[in-house]
Amino acid sequence: MKGRPAPATGLLRQIDAVARAAFPTGLTALLMVLAAVPAGLPGLVPAVALPCIVFWAIFRPAALPPPAVFALGLLGDLLSFAPVGSGVLTLLVVAGLVTRWRRSLAQQSFLAVWLAYCGVALGAAALEWVLQVVLGWQLLPLAPGLYQVMLSAGLYPGLAWVLSRMHEAMSRAESAP
Amino acid sequence: MIRLSIPLRQALARLSLPVLIALAFGTMLLGKADAVLAERARMGLADLLAPIWSALQQPVATIREAGQEAEFLFNLRAENARLREENERLRRWQATALALEAENAMLQRQLSFVPEAAPAFQTARVVADGGGIYARAVLLGIGPNHGVRKGQIALDERGLVGRVTEVGLRSARVLLATDMNSRIPVVLESSRARAMMVGTNGARPRLQHWPEGSAPVEGDRVVTSAEAGAFPAGLPVGIVRRSEGGAPEVELFARLDRLDVVRLFDYGLAGILPPEAVTRPEPRPRR
């Protein structure tokens with residue numbers, strides 16, 4: 001006689017799977033909220049959001065569906081008092097492009113991914129700048145955008161190291177029977 | 001969960017990104033068309049997160065203090081020499097101030113001068129950075145039954161910080177004097193010439209529009225002007241400095257990079273607010 005699996009285990013497993021699926025988005029949102037605590041560094045919120053989005057889009061795209069990116073972008077816009085929608089569009093475009101390139105990116109060395117990330121951050125800052133200029137209808141200086149690129153490029157290695165440890169742990173948990 | 005056929009699910013997955021990008025444009029238009037809605041959403045979120053940020057203040061402050069302590073120890077000798085010199089200078093000033101105070105009191109008695117009432121103020125803690133890449137602002141955590149209004153003036157213990165632009169239930173946003181959208185009418189104290197202090201997002205706002213023939217002099221004290229009814233006259237702002245390019249800038253008294261507590265003064269003024277603050281300042285509650 002074949003015994004059915006205990007229902008509690010099934011439920012636990014489901015909770016586990018849901019938690020794992022929601023983890024990348026939740027962690028990114030938490031980091032963004034924490035980044036808003038004043039630490040003497042202005043503009044930390046978008047600089048923290050971009051590395052997380054790019055990392056998960058390369059290594060675990062299933063965990064970062066477009067609606068989650070939309071929500072994270074909206075959170076960033078509201079937190080940083082940027083024109084609503086500008087960060088949403090930037091993050092969606094970045095996530096879309098990186099997901100398209102992920103096959104080639106995921107096989108590269110860390111240094112190559114970092115360089116690619118710097119390019120992506122530069123593009124994102126340019127798009128953000130254009131959107132802010134158009135939405136606010138005033139010419140903005142370029143320097144804060146470049147500072148933003150350098151800040152988020154500098155944050156990427158540290159964040160990527162932590163996130164890749166988590167990614168490995170999640171992969172191990174998934175492959176476990 | 002609704003079960004969908006695999007091709008349909010794939011089609012939906014492929015469609016979701018373009019649809020959401022279109023929705024992002026829609027959000028932008030909505031935020032542009034209905035600025036009040038966007039403001040309410042922002043302050044709602046800030047109200048929601050303010051308790052969390054307040055709770056985080058303690059550990060953050062501890063870490064920052066530890067760093068400062070190390071810096072103090074490192075600079076102990078130089079700092080001591082500087083303080084000795086400054087103390088010497090201030091002692092002379094104290095004598096002058098006491099003499100002037102006595103003289104002022106005597107003159108006021110002779111003129112039967114009616115003094116202005118000391119303005120009411122409340123103290124609020126800075127809980128979060130309220131600016132993004134292109135803005136300089138801070139979020140304050142305030143109690144639920146606060147009397148904070150738009151247009152109130154924020155000062156730290158040294159000088160002008162900025163103005164309240166958005167008010168929520170448990171939080172308020174202060175646009176700093178260094179923000180690009182900040183325009184503050186000021187008076188150069190020695191020449192009594194009026195000028196505009198224009199924020200640049202950098203640490204030192206620039207001076208503009210001073211009358212011909214009374215260019216700002218290095219080291220001159222800058223105070224607020226009552227012009228346009230946005231600020232009371234005479235609040236301490238900063239000192240004129242020349243930039244490397246020779247343009248006059250203001251070195252602010254307030255330490256905007258390490259704000260932790262600000263005082264919000266209610267002068268009952270309803271002058272011009274920054275452009276993104278769309279709604280008019282609320283009237284002062286009757287006493």
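Reply: A crossing of two helices is left-handed if the near helix is turned anticlockwise from the far one by less than a right angle, and right-handed if clockwise. In this predicted model, local features need pLDDT of at least 70 and side-chain atom pairs count only at pLDDT 80 or more, while totals for chains, interfaces and linings use all residues. Residues are numbered from 1 along each chain as its sequence is written, and chains are lettered from A in the order in which they are written.

Me: Which elements does chain A have?

Reply: Helices (H or I, at least four residues) and strands (E, at least two) are DSSP runs, numbered from the N terminus. Chain A has 6 helices and 0 strands.

Me: How is a pair of packed helices described?

Reply: Two packed helices are described by the angle between their axes and the distance between the axes. The axes are lines fitted to C-alpha atoms, for helices over the stretch in contact, and angles run from 0 to 180 degrees between N-to-C directions. Helix α4 (residues 86-106) and helix α5 (residues 110-136) of chain A have axes that come within 10 Å and cross at roughly 155 degrees. Angles under 35 degrees count as roughly parallel, over 145 as roughly antiparallel, 65 to 115 as roughly perpendicular and the rest as oblique. Therefore α4(A) and α5(A) are roughly antiparallel to each other.

Me: Is the crossing of α4(A) and α5(A) left-handed or right-handed?

Reply: The crossing of α4(A) and α5(A) is right-handed. Residues are in contact if their C-beta atoms, placed from the backbone, lie within 7 Å. Among the residues that make this contact are L89(A) and V93(A) of α4(A), and V120(A) and A124(A) of α5(A).

Me: Which residues of α5(A) are buried?

Reply: A residue is buried if 20 or more other C-beta atoms lie within 10 Å of its own, exposed if 12 or fewer, and partly exposed in between. The buried residues of α5(A) include Y117(A), E128(A) and W129(A). Among the elements that cover the buried residues of α5(A) are α2 (44-59) and α6 (143-175) of chain A. Of the 177 residues of chain A, 42% count as buried.

Me: How many residues of chain B are in contact with chain A?

Reply: In chain B, 35 residues are in contact with 31 residues of chain A. The largest share of the side of chain B that touches chain A, 11 residues, comes from α1(B).

Notes
Two residues are in contact if their C-beta atoms, placed from the backbone, lie within 7 Å.
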